[in-house]
Amino acid sequence: MNLKGAWGIALGSATQRQKNLRYSRTDDAKPNIPVPKIWRVGRGRHLELANSGHIMAIINVTPDSFSDGGLHRSLELAVAHGLACVREGAAILDVGGESTRPGGAPVSAAEEQDRVLPVIERLTKETDALISVDTYRAETARLAMAAGAHIINDVHGLQREPAIASVAAATGAGLCIMHTGRGREGEIIDDVIADQHAFFKVSLAIAEAAGVASEAIVLDPGFGFAKDSDHNLQIVARFAELTEIGFPWLVGASRKRFIGAATGREIAADRDIGTAATTAILRLAGAAIFRVHNVAANRDALGIADALIRVHAEETLQ
């Protein structure tokens, strides 16, 4: 099977596992158009995923996140940043109270809740944007939904606290299930796509058993979570294979180390151009939602990618 990717880059192997990339013929350089899909989230809301990509803005209410730790730690700063992101084009605000960077200091459930719940309560009063809580804890998710959130974003893919799936089902929350290699070091499959499939088989079984509706689920390949630069780039190059799982995809590559390795940018905040390029590539490969720090730059990147998708769609109708 020939994997068609962004701007004519395709895998040069019939097995789809060859690491060397080649430029494909012009007739192969067509974007992977996302299957029409509605993402149903809490409070009777939904997000249309078929016609354009969407930005999820990162609202870190933390002192130690890898890129912007401490910048939006107070209630007023976090809310102001969230509202600014909406003005720049974010459809979703993802509020997190615990850093997930490698070596990040763990926080208690109470501290996490003290950080995120006031921000969620204020944002729901001041914007119509969808509000997401970035947590793996079932109780934090429950309280966040009660405070007005629409989405639960679990970076442990329901596998650290499976009860979070029941919270999502009971509240009707949109549920983002992220792949991770953390805590799985002895069981990770060498082939990055095969490992994604194996991980999500477990996570989706947890969601189904809890009664989570399939239309409430999006998946995230977990860029940077116990993955080296080569693994991350393989996921980008082979992303269209992931779309065959049958769920919409959210990606969080923003300012990650593999972008720095590819561009030579050692400082995380200097990686926004590389992030925007990755956003455009992954949009053309089938991703729908993009979790980012710099909303404006990635909104522009999506604008270009979506324009190409529309052109291709029009050509196929002729």
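Predicted model: local features only at pLDDT ≥ 70, side-chain atom pairs only at ≥ 80, totals over all residues.
Two strands pair if DSSP finds at least two bridges between them.

**Entry 1, strand β12.** I looked up which strands pair with β12. Strand β5, residues 54-60, pairs with β12 in the parallel sense, over four bridges. Strand β11 also runs parallel to β12, and two bridges join them. I then looked for the bridge partners of single residues. Phe 290 in β12 is the bridge partner of Ile 55. Phe 290 is also the bridge partner of Val 251.

**Entry 2, side chains of β12.** Which way do the side chains of β12 point? In a regular strand the side chains alternate between the two faces of the sheet. In β12, residues 289-292, Ile 289 and Arg 291 point one way, while Phe 290 and Val 292 point the other way. I checked burial too, and all four of these residues are buried.

I looked up where Leu 49 sits and found it in the loop between β4 (46-48) and β5. Is Leu 49 buried or exposed? Its relative accessibility is 1%, so Leu 49 counts as buried. I also took its C-alpha to C-alpha distance to Ala 288, which is 6.1 Å. In sequence, Leu 49 and Ala 288 are 239 residues apart.

**Entry 4, aromatic pairs.** How many aromatic pairs does a search of the whole structure find? The search finds four. For Phe 199 and Phe 200, I noted ring centres 5.6 Å apart and planes at 85°. Planes over 60 degrees apart count as edge-to-face, so the pair of Phe 199 and Phe 200 is edge-to-face. Phe 199 has a relative accessible area of 2% and is buried. Phe 200 is buried as well, at 1%.

The next pair I wrote down is Phe 239 with Trp 249, which is also edge-to-face, with 5.8 Å from centre to centre and 75° between the planes. This pair links distant parts of the chain, its two residues being 10 residues apart. Phe 239 belongs to helix α7 (residues 239-242), and Trp 249 lies in the loop between α7 and β11 (250-251). Why does Phe 239 count as buried? It counts as buried because its relative accessible area is 0%. Trp 249 is buried too, with a value of 1%.

Ring pairs link Phe 199, Phe 200, Phe 239 and Trp 249 into a cluster.

Technical notes. Residues numbered from 1 in each chain as written. Heavy atoms only, no water. Phe/Tyr/Trp six-rings, centres within 6.5 Å; stacked < 30°, edge-to-face > 60°. Buried < 20%, exposed > 50% of the residue type's maximum accessible area, 1.4 Å probe, protein only.
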